[in-house]
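Subject: Handing over the two-chain structure

Dear colleague,

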Amino acid sequence: MPKRTDIHKIMVIGSGPIIIGQAAEFDYSGTQACLALKELDYEVVLVNSNPATIMTDKEIADQVYLEPITLEFVSQILRKERPDAILPTLGGQQGLNMAMELSKSGILDELHIELLGTKLSAIDQAEDREQFKDLMEKLGEPVPASGIAHTVDEALEFADKSGFPVIVRPAFTMGGTGGGIAENDAELREIAENGLSLSPVTQVLIEQSIAGYKEIEFEVMRDAADNAMVVCNMENFDPVGIHTGDSIVYAPVQTLADREVQMLRDAALKIIRALKIEGGCNVQLALDPHSFNYYIIEVNPRVSRSSALASKATGYPIAKMAAKIAVGLHLDEIKNPVTGTTYAEFEPALDYVVCKIPRWPFDKFTKADRRLGTQMKATGEVMAIGRNVEEATLKAVRSLEIGVHHAEEPSLRAVDDDQLSDKLIHAQDDRLFYLMEAIRRGYTIDDLAELTKINVFFLDKLLHITEIETTLKAHVDDIDVLTTAKRNGFTDETVADYWHEDADTVRQFREAHQLTPVYKMVDTCAGEFESATPYYYGTYEFENESVVDQRPSVLVLGSGPIRIGQGVEFDYATVHSVKAIQKAGYEAIIMNSNPETVSTDFSVSDKLYFEPLTLEDVLNVIDLEKPKGVIVQFGGQTAINLAQPLADRGVQILGTSVADVNRAEDRDAFDKVIKSLKIPQPAGDTASDEATALTIADRLGYPVLVRPSYVLGGRAMEIVKKRADLDHYMHNAVKVSNDHPVLIDRYLVGKECEVDAICDGETVLIPGIMEHIERAGVHSGDSMAVYPPQSLSQAVQDQIVTYTKQLALTLNCIGMMNIQFVIHDEQVYVIEVNPRASRTVPFLSKVTNISMAQVATRVILGQSLREQGFETGLAPVSDMVHVKAPVFSFSKLNRVDSLLGPEMKSTGEVMGSDKTMAKALYKAFEAAKLHVPSTGNVLITVRDDDKPEAVKLARRFHALGYQLLATSGTASYLTDHGLNVAVVKKIDGGENDLLHQMEAGQVQVVINTVSDEEQAADDGALIRNTSIAHGIPLFTALDTVAAILQVRESQSFVTQAL
Amino acid sequence: MKRYLVLADGTVYPGTGFGAPTATVGELVFNTGMSGYQESITDQSYNGEILMFTYPLIGNYGINRDDHESIKPTCKGVVVHEVARRASNWRSEMSLDDYLKQNNIPGITDIDTRAVTKHIREQGAMKATIVDEVLPDTVDRLRVTELGKAVVAESSTTNAYPNPSTGPNVVVVDFGLKHSILRELAKRHCNLTVLPYNTTASEIMALNPDGVMLTNGPGDPKDVPSALPMIREVEKHIPLFGICLGHQLFALANGADTFKMKFGHRGFNHPVREIATGRIDFTSQNHGYAVSKESLRQTDLMMTHEEINDGTVEGLRHRDYAAFSVQYHPDAAPGPHDADHIFDEFIDLMAAHQVARKESKFNA
């Protein structure tokens, strides 16, 4: 059937802010879907609250609403836009949940709006545990024995019958939020309680554990004519028990005979047909490693993280096809965009192996619980393509950017055997490295398979890697051994370690023997048909397929896996840079390793190399492509860190020179610059050892801000208030050395703000100043920010503009830079200069209407700002106020303190825009799901420093009619200042203690600024964790509280007695 | 051990030997299935061919006792990118390497199979040899080597044998059958009699079967002329169902023509549309020859199925007789089960024919 002509206008719901379990993959799928619908001449209305995405660019949809994805706002937009239909299946769980809410509210019926893709009944059948079980029974598809529990007692009752372990899965949550495996009553009680409170329908599934089964996934598609097909199947390295988002995954399946593959394929197709999904669907299955028994674990009736991975793994654009199917097209009517000759009704055949490894945030959250289970914890992932398992795995390992270039973590050599086997059995994020260590110690792979239930096939691949290591060590400068190593994914650096040479020597040796990689195409059809996809991966083989274009080219380095501090914002900038390069007439080539992103969609660039972003891999591509130069400004710290080594090897870095980048990043050099310009900065110094650090701090006076040099996202940054704490920090938080000095600055209390600037060497364009709502001390990535500034005096703004101009010109910035300021007593101090695009680029680009990454790219390619129509100075502001608010994923991460500080903790952001500050703030809070009800109890626990300020805030809450609750210390202070405060009981596990009150819904807002180190007795972390677990709005900075009060006050009338 | 894959056009690919250490000559073809190597290697339609897999890792799950498609594999060689070091699957009984050694089939690994696949895609399937060393006359000798035309005779059973059950009586004419055909018929309780490829119509009629199955098999259908008069006679009286080579022979017998494809269809992601309903099945395929669409015009055959991408004739039905055929393998093994309903249609056809026969007897 051709496309539907009875609908004209379609609303697409995005996935909102990036959180663990719902990340950049939905920017990719949403962007694809909107573009596909536009291609078919539909009018597309998009709602998404996340400014950091390509999807929310003006040109992606006809109308882009950067508004909160809440019933209130989406309903308003529906009434205004009157679309004929909504496509909710490409915005993750958020999209589906919103669709359900809209439907329940009755607005869809009222306005005659149809849901495309997946019917509500199918969403229910797939997501409601009871209905799902019924459907599977009807289809004759096995599911693990399970029971539904609405209370903890029901959960315990089930486990009583089935025995432990049992798996708990809350209904209608994404990324397995709140789920877990319970081994006993106590664990089950805890997990079930948490899960029930997180489930919007207070329902959890308790299920017989099938831990140890092979975990297999099928990505399937179906159209309205009931044509159904499998795009990709995948096998998890980690057996059932670890969330697939936290598992190492291979595509295609590796250890299944065809009979098993077909059995599971039949099941997957039967399910998508029964659910009548028109679009994509993900089916997860568990297969007994010792029989044909299998179980259906889960079905996602929508495009998912796995489908993004499957799209990149096969080249088959699932989201684009799903959108077209949703409007009536059939699979055999849509051309396969990869081959251009065959139809979309085609099951891709791979002739390579794909390995995905998740990227976890534990390098930043060092105190977090690293154990893996049914709750996803990864923030991002990398994918690598190779011609065998070893190559794909090692390429993926070095793509992770966790400081290793091989599957070896040297620090594990010191681990004792007991700890080793404990870490093998109880998997953490680093289990792969423990496995490698165990194999090197001589554990047999059969023993390891017994311990871990990981298939011996995969373990044998790891064993093979260690065998190659041994051979390498025994055969220095042996080209045959090196060839084997390279074909199995070894880096020059690893070989150099074994040969006691440096990586450049190995490279030269290799090149002298013509041992260089070739690039093969990802074409969906294993070479059977001619394809023109510009999508390549490197391997060591016979024939190179990547033909170098005659046009001059520019290589853009992407930003690798999404992690805290380096999120989707950098992918946004990368994609825009590519667009500008193309418009300038060059061939734009991208290198990146992240399967979730828009930048790794092969249709974005002229050529995509899906490769690790290491020096060796980048040099290899440069050797082949010989680009005019490389752009590193948009790929975050990943790309910037490659600038120096690339330049050292004669590669042309476009934009700000490497020497000038270093002048901005090297503390001493930067000091000289800033002194010569007479720009004030907080007093500070650099220390290369503990003793110097203490001396410096004594001289500056406490509090001081300490951090390692060259970091992004404020890793290991701390505000230190006394000598003992600094001593502790130097010994525990950082490894200080001459190569890795520590920066120590006086900590100035004041307002923080930042600018992004674009400079061509003569003109300095400042698109905007962003004022932070939280004062200095909270990481800029975790601060709410407002544009244009609301409380900065003209004098301060002028100072900012002047300093920015001076710094950009003096540092010879060509392209982008970001500067952070603190304002203390009306004086502007420079805290930090980043000679590259920052995470605020998408937000500022959207609110100022200056496509910053494109402007900067044109500058980098030689077109001056004047030629582009820009003058030096601050760009004019509009009459709208825009607020950016951070979004956190604390509910997914145990033992991560939610107290905000100088270390970044947020995973995503939202934006709220309106005519007034209060309205914009309201939207930002709503979009961030920090909904403060108009009445209720406010619980206040603050540290001593904050008490005077807390009094003022408490008064304002009181004036609005809220009841005040406080822990004893805070309560007595507030009472002394004339406030009526109820003291909450100490947390003693008693029936009426605070935690129970919170669980019982008796607390509506939590304000808590007490860090655990200071006042453990106040149970700061416990209160914060409880509020996160129960979804109670939590504020850990008083400035944020003032902001929410501003909102509430603007919405209330003043009631005052005479 | 270093070995070489040498193509008739002179291209040489160095690799490493595995399987039997013998030299071999055959037509080099590629298969795009990502699993199912055991079924393919034991598929007698590969008789005379050197089988190359485009999926780079072959042997991952070993060889088991259940998934053989013939008793004795007859392909001439196996070309892979990487043969598994260690097989892992609960049913695995031996490694692929051991299996090929046992069956005296040479293999070559460490080949850039993607490069070779693209070469064949562009140049067409061609003769190739796997040898220990490349001598000055290796290519010339390869060029003049005549590949055997008696591949069907080699693959077919020489003696009739039964596979008794309680359902309809079906004669299976074996041109090099895959066990999966017998499995699918047995699953439907057919009482089977398997006869050699050169069985005559009268021998079949003597068994008074309810239906006749023409199986798959290797090589050029035009090399099996003996089957054509048999088919022409049998189709008039008894429901007939052809698969793969059986389909091509059914077409030839009814006056259509066949041709050699450039590189054939080998894999199991080929979408096939049933023209009457629009239904699309993903099908398992293994054929280097196909029925010419144009040649159908002057015949009593109509095209019932087509490959959606290149339009290959994938199914035929006789306008007057209860006879039909498909080019693909509804019996799968390896590959998707999407099309196994075709066997049900055969069962239904036999049942309907029985009823019609009884009625016509009654009316007479």
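This is a predicted model: local features need pLDDT of at least 70, side-chain atom pairs count only at pLDDT 80 or more; totals for chains, interfaces and linings use all residues.

Residues are numbered from 1 along each chain as its sequence is written, and chains are lettered from A and ligands numbered from 1 in the order in which they are written.

Chain B as a whole

The secondary structure of chain B consists of ten helices and 19 strands, where helices (H or I, at least four residues) and strands (E, at least two) are DSSP runs, numbered from the N terminus. Its C-alpha trace spans about 75 × 45 × 40 Å along the principal axes. The radius of gyration of chain B is 21 Å, which agrees with the value near 21 Å that a compact globule of 364 residues would have; this radius is taken over C-alpha atoms, and the globule rule is 2.2 Å times the number of residues to the power 0.38. Of the 364 residues in chain B, 56% are buried, a word that applies if 20 or more other C-beta atoms lie within 10 Å of a residue's own, whereas 12 or fewer make it exposed and anything in between partly exposed, with C-beta atoms placed from the backbone.

An automatic or database domain assignment gives the domain bounds, and it divides chain B into domain 1 (2-148) and domain 2 (152-363). The centres of these two domains of chain B, taken over C-alpha atoms, are separated by 28 Å. Their contact takes 23 residues from domain 1 of chain B and 23 residues from domain 2 of chain B, two residues being in contact if their C-beta atoms, placed from the backbone, lie within 7 Å. On the domain 1 side, the elements that give two or more residues are β3 (24-31), α1 (37-41) and α3 of chain B, and β3(B) gives the most, with three residues. In helix α3 (residues 113-123) of chain B, several residues are buried, including R114(B), K118(B) and H119(B). After α3(B) comes G124(B), whose phi is positive, near 90°.

In an unreviewed entry, UniProt lists S45(B), G217(B), G219(B), L245(B), Q248(B), N286(B), G288(B) and Y289(B) for "binding site". Although these residues are spread over 245 residues of sequence, they cluster in space, with a largest C-alpha distance of 13.1 Å. UniProt positions are given in the numbering used here, feature names are shortened, and annotations may be inferred rather than shown by experiment.

Two of these residues can be followed more closely. G217(B) is found in the loop between β13 (211-214) and α8 (227-237) of chain B, and G217(B) counts as buried because it has 31 C-beta neighbours inside 10 Å.

Q820(A) is found in strand β31 (residues 815-824) of chain A, and E832(A) lies in strand β32 (residues 827-834) of chain A. Q820(A) is partly exposed because 19 other C-beta atoms lie within 10 Å. Leaving aside neighbours within four places in sequence, Q820(A) is in contact with residues including E752(A) and E832(A).

The largest nonpolar core has 372 residues, and V220(A) and L285(A) are among those that touch the most other members; such a core is a set of buried Ala, Val, Leu, Ile, Met, Phe, Trp, Tyr and Cys residues joined through C-beta atoms within 7 Å.

Where the chains touch

How many residues of chain A are in contact with chain B? There are 43 residues of chain A in contact with 41 residues of chain B. On the chain A side, α9 (258-275) and α16 (456-474) each supply at least two residues, and α9(A) gives the most, with six residues.

With best wishes
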